Protein chains: 2
Amino acid sequence: MLAAPLIERKRDGGALTPEEWSALVAAYTAGRVPDYQMAALLMAVVFRGLERHELAALTDAMLASGSRLAFEGWATPRVDKHSTGGVGDKVSLVLAPLVAACGVAVPMMSGRGLGHTGGTLDKLEAIPGFRTGLSLVEAKAQTVKIGCVMIGQTAEIAPADRRLYALRDVTGTVEAIPLIAASIMSKKLAEGLNALVLDVKRGSGAFLPALEQALGLAQTMIALGEDRGCPTVALLTAMDRPLGRACGNALETEEAILGLRGEGPPDLMAVTYALGVEMLLAAGIDQTSTKARQRLENALASGIAAEKFEQVIEAQGGNPHVVEDPSLLPQAGAVEVFCAPATGVVTAVEPRTIGRAIVAMGGGRVTVEDQIDPTVGCVITAKPGDKVLAGEPIASVFAKDAGGIELGFAALSKAIGIDADLGEQPLPLISHRVTKDGVEELPVSRDRRL
Amino acid sequence: MLAAPLIERKRDGGALTPEEWSALVAAYTAGRVPDYQMAALLMAVVFRGLERHELAALTDAMLASGSRLAFEGWATPRVDKHSTGGVGDKVSLVLAPLVAACGVAVPMMSGRGLGHTGGTLDKLEAIPGFRTGLSLVEAKAQTVKIGCVMIGQTAEIAPADRRLYALRDVTGTVEAIPLIAASIMSKKLAEGLNALVLDVKRGSGAFLPALEQALGLAQTMIALGEDRGCPTVALLTAMDRPLGRACGNALETEEAILGLRGEGPPDLMAVTYALGVEMLLAAGIDQTSTKARQRLENALASGIAAEKFEQVIEAQGGNPHVVEDPSLLPQAGAVEVFCAPATGVVTAVEPRTIGRAIVAMGGGRVTVEDQIDPTVGCVITAKPGDKVLAGEPIASVFAKDAGGIELGFAALSKAIGIDADLGEQPLPLISHRVTKDGVEELPVSRDRRL
């Protein structure tokens, strides 16, 4: 495999053929193309992009590098959700059992937190005993048995993507829409899905903050899914403030459990229901949003959704009693209340500052090998637009010790803005619905935060 | 050293500080920054370029990675010439002894052929016994003793450049003006020069064919030299046809010897004199071009220049009698005359086709480890603009065997165009003079080929 001429062609604005992408990814995975050539090519892709046929070929090649979940002959529809990630985004923990409780199988493969954003696997592993490292055989069996499994990317799935992602992470080539799309879709398409729903975050705390970038990523992933026989829909949601109140692994798991019990914060539930409606529609369970929403609300109110989560936890080796008694989750060594430093309107709760503070407190990773402390984080009750009085409690910090509390306080002081008036409006919580047919701007509710 | 944030900054159009370049190159040379991060950064530089201060810092860092020739306290001026390379470009072999014969020390460090262009070291090594791998101590002693040394880049000189060049060669990051300039200048500035003269080739056979690219490279290198206390001047010369008649290592060495004996082809001598004049002016040996030219012509006519080449050959272990008797150079196994296939005007002698054929015949390298056959090549007497008759001998092919002759004939048939009229004029042989003060377009002689 002579990689240099391919690098030069991409550098000069040309395209690689599907056969070239296929051979290149295979040679790279087999170690016959070195990291330094792939790094140069990836940087050229950052500047030149990928044509639609190249993106499909790259994704196919990554998919072909590993195994897939295969559900041939099983009639139950399979639908998954993917989020581009944010701070406080524990939607998956509520949504997967909730949708599974409505008769849609959810074979969910998630990631770990890296950078300022959290990861579903880390949140699940806050549950004592919970195993995310299932094999594909185990994952398939559990999906068929209880309709839901929540696992990490196994060594069997898209190994080329694992290697490429690790390389991109250290070569400044993460922030390229086609590479992001290919990475996500190579894993999702390996899940044997009938449809996929995307939660594409935008705003200051999102991976791609600008609306145009978020729309571009959504459309790229939708094209890729549709081209590969997997109908795909995306919702654009706000990540200019954390979602819900809890930020930090065990704290978010607790909030997700509260959500499944009907006690979740309204913004978390609004996003969860909106995505759940899309999943039920895509699965063909319901024909209208209203009916789908009703079905989801019933599954929640009846306790079937919470019970489904208990089944998942039990099947994956965790202690299912955490759903009844979240105090069984690991608890932080120190807790302190954070009070508003001034009277006024909350103008901002900056997610990146919060996310970085959680990493600094030990609740996230700087390198993939880092061990994390699931107990640390914060619960912020104030939202942009809220009126607060000086000295009023607006958050709690959960830390290992006094040093951690200090880090948390410093981050909250910086992240939470208070001023005489709101200034810029927060982003509408759910602003756009994107399908293969186009972009629909959704009506903004009177409280933009919901 | 955290390289990823530096890669991201360059990718996004920012600049690295001199301290960052310095630390990065040091860490890379020490193996603490891996090739894949450097490859991604280099590709980002291909797209984003380098600011003047960054280029200076990168060059300094590469220079600082190794040793230099130091001539403190030695009054003799040192001046070198660098060519961006072409086909048939044996100027260095004539120029270095010629200028040294005029009282300017020439500590010349050259490269090997790679791609379609030849390299001075390969031409010198066609001389039986000639050693180009001198240490810096040997090189300095020889320079002081006889005023001229012709060596390769030693392991002591700019090791960071060696590693970077090898990486660029396989990652599509060779063709970036700032990287080319930094690579060349990091070596030239290690020679302890008082001034530097550049021969920047343009035209189809040049590394950077377009005039604007050639001018850009010249100006970038001049800025770098001047910023580092080494006055630098460039001439732009034609590489839309081979220089001189001989192409191939031993054949070119023979033609260079003929040049030193006053029997060189006019275009080779015109370029040699023009560069020599710049070198004598830069060294302060003469104050006017006319006087400098006269001095060079005298050194040649008197035989002192040829004698200087004998001294260099002898000092470096070669057989000096080749200057008197070029038949002592290794001889090809097979020689055949190539005749004009038609009557008309020669419209083109395409250097890349010739250069690639020599590589295919065994006279150049595909990888740096390849051994080369110094005897192969061709001597082309026809120049663009010449009128030829069908069947008239216009070239000779020198090869190992009949297969090589066939390769040579095929290349000449393709490279030499013959038509009813000239069509496009060849480039003026020496078209521009570039200094720190600007670009001067030189008057075109009636025969543009001279």
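Reply: Let's start with a pair of strands: in this predicted model, strand E9 (residues 377-380) of chain B and strand E11 (residues 393-399) of chain B run antiparallel and are joined by four bridges. To find your place along this pair, look for Val379(B), which stands opposite Ser396(B) in E11(B). Now widen the view. The two strands belong to an open sheet of four strands in chain B, with the order E6-E9-E11-E7 and antiparallel pairing. At its edges are strand E6 (246-247) and strand E7 (334-339) of chain B, each of which pairs on one side only.

Next, hop over to chain A. There, Lys383(A) sits in the loop between strand E9 (377-380) and strand E10 (387-388). Is this lysine buried or exposed? Lys383(A) counts as buried because its relative accessibility is 14%, and the cut-off for buried is under 20%. Its side chain has polar partners: a polar contact of 2.7 Å links it to the side chain of Asp267(A), and one of its polar atoms lies 3.1 Å from the backbone oxygen of Pro242(A). Leaving aside residues up to four places away in sequence, Lys383(A) also touches others, including Leu243(A), Gly244(A), Val346(A) and Arg449(A).

Finally, the nonpolar residues. Nonpolar side chains tend to be buried together in soluble globular proteins. Here, the largest nonpolar core has 128 residues, and Trp21(A), Leu24(A), Trp21(B) and Leu24(B) have the most contacts inside it. A second, separate core has 77 residues, among them Leu93(A), Val94(A), Leu300(A) and Val322(A).

Key
Residues numbered from 1 in each chain as written. Chains lettered and ligands numbered in written order. Predicted model: local features only at pLDDT ≥ 70, side-chain atom pairs only at ≥ 80, totals over all residues. Heavy atoms only, no water. Buried < 20%, exposed > 50% of the residue type's maximum accessible area, 1.4 Å probe, protein only. Polar contact = N/O pair within 3.5 Å; in protein donor to acceptor, adjacent residues only side chain to side chain. Contact = heavy atoms within 4.5 Å. Pairing = 2+ DSSP bridges. Core = buried A, V, L, I, M, F, W, Y, C linked by side-chain atoms within 4.5 Å.
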